[in-house]
Amino acid sequence: MENNSTTLERNMELIIDDKRTIGDLQKDFSYEFPYLRLEFLSHPFPEGIKNIKKELHKGGEKIGDCRKVHKSGTVVLSNDMTVAQLEQLFENEYGLHLQVFRKSGKLWLITTATDSWTLGVQNEQGRELSEGYGPEADEPADYHEQE
């Protein structure tokens with residue numbers, strides 16, 4: 001059963017454990033926020049990065065192989081959490097370098113210019129920008145910062 005809701009009615013929990021894969025986290029997150037996508041990087045996202053694609057972890061990689069901090073736990077998400085808070089939480093608590101992308105038509109745009117927006121607002125904006133495409137209409141990600 002697919003969740004087409006654009007508003008998270010309750011808090012969502014993401015389980016962080018070394019045995020889970022990057023793809024597991026991405027799938028769980030996208031179930032609640034279908035117009036947002038999590039991408040995990042090898043290093044913290046630097047200003048002016050030239051090629052983010054080289055930094056991305058693949059979906060099949062185990063979380064334990066992608067970090068030096070091997071802490072398990074649960075990340076509680078809500079519509080009111082900002083992208084910046086989410087990215088900082090993953091970095092500080094779990095040693096995972098994360099970037100959020102938002103759907104825009106057929107493209108996925110990095111949200112660095114709008115990291116102060118909440119997950120709920122980001123997801124709704126993605127829905128509005130993707131009317132007629134749907135969250136499943138996937139093209140390669142556009143790894144350039146939006147203007």
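Predicted model: local features only at pLDDT ≥ 70, side-chain atom pairs only at ≥ 80, totals over all residues.
Residues are numbered from 1 along each chain as its sequence is written, and side-chain values use heavy atoms, leaving out hydrogens and water. Local features need pLDDT of at least 70 and side-chain atom pairs count only at pLDDT 80 or more, while totals for chains, interfaces and linings use all residues.

**Stop one: the main core.** Select Leu 14, Phe 29, Leu 77, Leu 86, Phe 90 and Leu 119, the residues with the most contacts inside the largest nonpolar core, which has 23 residues. Such a core is a set of buried Ala, Val, Leu, Ile, Met, Phe, Trp, Tyr and Cys residues joined through side-chain atoms within 4.5 Å. Buried means under 20% relative accessible area (1.4 Å probe, protein chains only).

Now colour the elements that give two or more residues to this core: E1 (12–16), H1 (22–32), E2 (36–41), E3 (73–77), H2 (83–94) and E4 (97–104). Helices (H or I, at least four residues) and strands (E, at least two) are DSSP runs, numbered from the N terminus. H2 provides the largest share, four residues.

**Stop two: a second core.** Next, pick Ile 52, Leu 56, Phe 101 and Trp 108, which are among the six residues of a second, separate core.

**Stop three: helix H3.** Move to residues 119–129 and highlight the buried ones: Leu 119, Gly 120, Gln 122, Asn 123 and Gly 126. They lie on the same side of H3, because their arc around the axis is only 165 degrees, taken from the directions from the helix axis to the C-beta atoms. These buried residues pack against H1, E2, E3, H2 and E4 (contact means heavy atoms within 4.5 Å).

How values were computed: Buried < 20%, exposed > 50% of the residue type's maximum accessible area, 1.4 Å probe, protein only.
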